[in-house]
Amino acid sequence: MAAKDPFNSPSDGQRTAPPTIWELRLYVAGRTPRSLTAFANLKAICEENLGGRYTLEVIDLLENPQLAAGDQILAIPTLVRRLPPPVRKIIGDLSNTERVLVGLDLRTARAVEE
Amino acid sequence: MNKMTLGPLEKCPTGIEGLDELLNGGLPRGRPTLVCGSAGCGKTLLAMEFLVRGAVEFGEPGVFMAFEENGQELAQNVASLGFDLPGLIAAKKVAVDFVSVAREEIEATGEYDLEGLFIRLDHAINSVGAKRVVLDTVESLFSGLPHPMILRGELRRLFRWLKERGVTVIITGERGEGSLTRQGLEEYVSDCVILLDHRIVEQISTRRLRVVKYRGSTHGTNEYPFLIGEKGFSVLPITSLGLQHVARNERVSTGVPRLDAMLGGNGYYRGSTVLVSGTAGCGKTSLAAHFVDAACARGERALLFAFEESPSQIVRNMRSIGIDLQPAVDAGLLQFHAARPAMHGLEMHLAAMLRAIDEFEPAVVVVDPASAFVVAGNDYDVKAMMMRLVDYLKTKGITALFCALTAGEQLESSDLAISSLIDTWLLLRVIDLAGERNRALYLLKSRGMWHSNQIREFVLTDQGVDLVDVYVGPAGVLTGSGRMAQEAAEKAATLARQQEIGRRRRDLERKRLALEAQIAALRVAFEAEEAELEEAIRQGEDRESVLVEDRVDMARLRHADQV
């Protein structure tokens with residue numbers, strides 16, 4: 001993965017300020033229907049709620065099995081929100097949009113924005 | 001990968017002391033085995049030892065998938081058993097994957113599967129070429145992941161997948177209420193189930209292991225004690241050893257010549273079991289010390305298990321009766337193992353004793369006192385334990401001497417209820433008579449040899465134990481000063497009798513002399529008379545002849561006719 005400066009170091013020292021970039025990873029194992037569903041659901045949610053302020057990396061564990069241990073992946077598919085902290089994991093096909101939003105803390109994020 | 005053979009079930013040896021015997025060779029190869037038990041009963045350790053021994057002794061690398069402890073914690077925990085986990089990991093013989101399931105950071109949104117776990121496991125197996133896998137404790141998934149139904153299905157799939165990979169697996173599970181595991185894993189893992197138990201009875205803990213089921217194989221069905229020692233797990237003792245030992249004709253000295261004589265002159269049979277029972281302070285330990293001393297003097301190794309006295313205390317006390325055990329200790333011929341009976345449970349004691357015997361390989365073992373175990377267990381357990389110990393010692397041909405403390409009147413039924421296991425039984429008892437207590441030794445039984453039926457007085461001198469004939473006479477059985485007084489009285493009576501005889505003999509002599517004197521006097525009188533008479537006769541005859549001559553002369557003078 002490419003190194004990014006995720007913290008966006010706010011000059012005013014506002015520690016609670018949301019970062020501008022959301023770093024997301026979706027772990028899948030092959031192009032299974034469930035993976036594809038999860039990816040499509042995630043894409044839709046992100047476009048609607050984060051529009052361009054996110055990075056999404058899809059990791060296929062069939063190709064890179066050694067990456068599973070790093071993020072403690074057991075369930076597939078698993079979406080990991082690496083930033084902003086804390087790390088959150090959302091497992092399943094992301095079909096329940098409401099829960100994905102809660103899981104990603106997007107509701108709070110949007111409230112702060114507005 | 002899974003070999004389909006129709007022969008007997010292939011076994012995968014665990015390398016754990018005693019467990020393979022119990023399992024008739026090992027775990028079912030290529031199949032999962034469930035090891036379940038309550039917290040702290042040694043599941044993780046058993047699984048880890050299976051893996052480490054597999055990698056070190058059988059050349060079978062393994063994967064440890066830890067759901068509860070991370071790699072560092074695991075390495076620390078097993079280092080105490082002498083397993084170098086980091087070294088094995090570096091040598092690519094073992095792979096450890098720590099799986100953390102944190103419920104608080106996981107949100108579920110729809111269906112999922114455990115493909116991630118499969119991939120990790122697969123990756124770990126491939127990285128070391130594993131033949132053995134441990135999942136410890138896979139049930140943690142239930143607390144970390146939502147949708148138990150999905151999990152159950154996935155676990156079922158996981159076990160099937162592991163079988164297809166042909167790896168031998170140990171799955172650990174926490175014991176649940178009314179079932180073997182909390183999540184009913186036993187439903188999925190049906191090939192072999194081992195239950196570990198950690199019981200506290202009267203404040204003493206005992207670990208036990210039971211093979212609940214083993215599909216397609218015979219196995220020991222009892223509950224077997226096990227211990228986690230400095231060298232890992234050991235299940236002990238190996239299934240009942242039975243009565244297959246060879247009886248030997250060789251004899252070993254008891255260390256007390258008179259006692260040897262009571263046993264037909266040669267002492268105990270080698271490999272036999274001797275019980276010395278008696279009340280407190282009757283000299284059991286002294287007799288044991290003699291036996292040990294004699295063994296060491298023959299150059300044999302002796303192992304003394306002391307449960308009431310410390311080694312130095314025994315050495316000091318035995319010195320007071322002239323037995324110095326210290327040289328044998330220094331020469332490495334005598335080893336002490338001292339422990340308080342309440343320190344461990346019975347099984348732990350047994351295991352520790354067997355281990356000590358195995359390591360030291362003694363010819364002679366003394367347990368002083370065996371009755372101390374009653375503290376650590378109930379009668380049945382003690383008997384079972386003693387039986388196993390006796391069996392083990394007999395199989396090894398070790399001559400054993402057990403001391404047993406008896407209380408009160410039941411002298412001939414030892415508290416241990418082991419009398420029937422014993423070959424030679426010496427009973428020491430105190431005889432209370434005439435204001436003093438004296439020790440006496442009875443030979444209650446001695447299988448397969450002539451033995452004396454006589455009671456001996458047992459005297460502790462500064463030269464060691466001595467056996468003295470007791471006084472048995474019209475006044476009953478006497479010991480101690482009673483015996484001595486009686487003996488003195490008898491001696492006096494004998495002397496008096498002898499004096500009487502002498503007196504009579506002198507009387508007779510005197511009479512004979514008197515008689516002879518009388519005879520002599522008579523003879524002298526007779527001789528005097530005889531001489532007198534003969535003189536008178538002679539004078540008479542002389543006178544006669546003179547008269548005749550006179551007559552002739554007269555006639556001639558008168559010119560009488562010549563006739």
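**Figure 1. The area buried between chain A and chain B.** In this predicted model, chain A and chain B bury about 2100 Å² between them, and 56% of that area lies on carbon and sulfur atoms; buried area is the accessible area (1.4 Å probe) that two parts lose on being put together, summed over both. Within chain A, Gln72(A), Leu74(A) and Ile91(A) lose the most area to chain B, together accounting for 33% of what that side buries. The contact, meaning heavy atoms within 4.5 Å, takes 27 residues from chain A and 25 residues from chain B.

Residues are numbered from 1 along each chain as its sequence is written, chains are lettered from A and ligands numbered from 1 in the order in which they are written, and side-chain values use heavy atoms, with hydrogens and water left out. Because the model is predicted, local features need pLDDT of at least 70 and side-chain atom pairs count only at pLDDT 80 or more, whereas totals for chains, interfaces and linings use all residues.

Figure 2. Four salt bridges are found across the interface of chain A and chain B, a salt bridge being a side-chain nitrogen of Lys or Arg within 4 Å of a carboxyl oxygen of Asp or Glu. In one of them, Glu111(B) is paired with Arg34(A), and the closest N and O atoms are 3.4 Å apart. The elements of chain A that give two or more residues to the side touching chain B are helix 2 (67-70), strand 4 (88-91) and helix 3 (97-103); helices (H or I, at least four residues) and strands (E, at least two) are DSSP runs, numbered from the N terminus. Strand 4 of chain A gives the most, with four residues.

Figure 3. Five strands form an open sheet in the order 2(A)-1(A)-3(A)-4(A)-6(B), with mixed pairing; two strands pair if DSSP finds at least two bridges between them. Strand 2 (54-60) of chain A and strand 6 of chain B stand at the edges, each with a single partner strand, so one side of each is left without a neighbour in the sheet. Strand 4 of chain A pairs with strand 6 (residues 106-108) of chain B in the parallel sense over three bridges, and here Ile90(A) stands opposite Glu107(B). Strand 1 (residues 22-28) and strand 3 (residues 78-83) of chain A, by contrast, run antiparallel and are joined by five bridges, with Thr78(A) as the bridge partner of Tyr27(A).

**Figure 4. The nine-stranded sheet of chain B.** In chain B, nine strands form an open sheet in the order 17-16-18-19-15-20-21-22-23, again with mixed pairing. Its edges are strand 17 (334-338) and strand 23 (464-469), each with a single partner strand, so one side of each has no neighbour in the sheet. Strand 20 (residues 424-433) and strand 21 (residues 436-446) of chain B run antiparallel and are joined by ten bridges, and Leu426(B) stands opposite Leu443(B) in strand 21.
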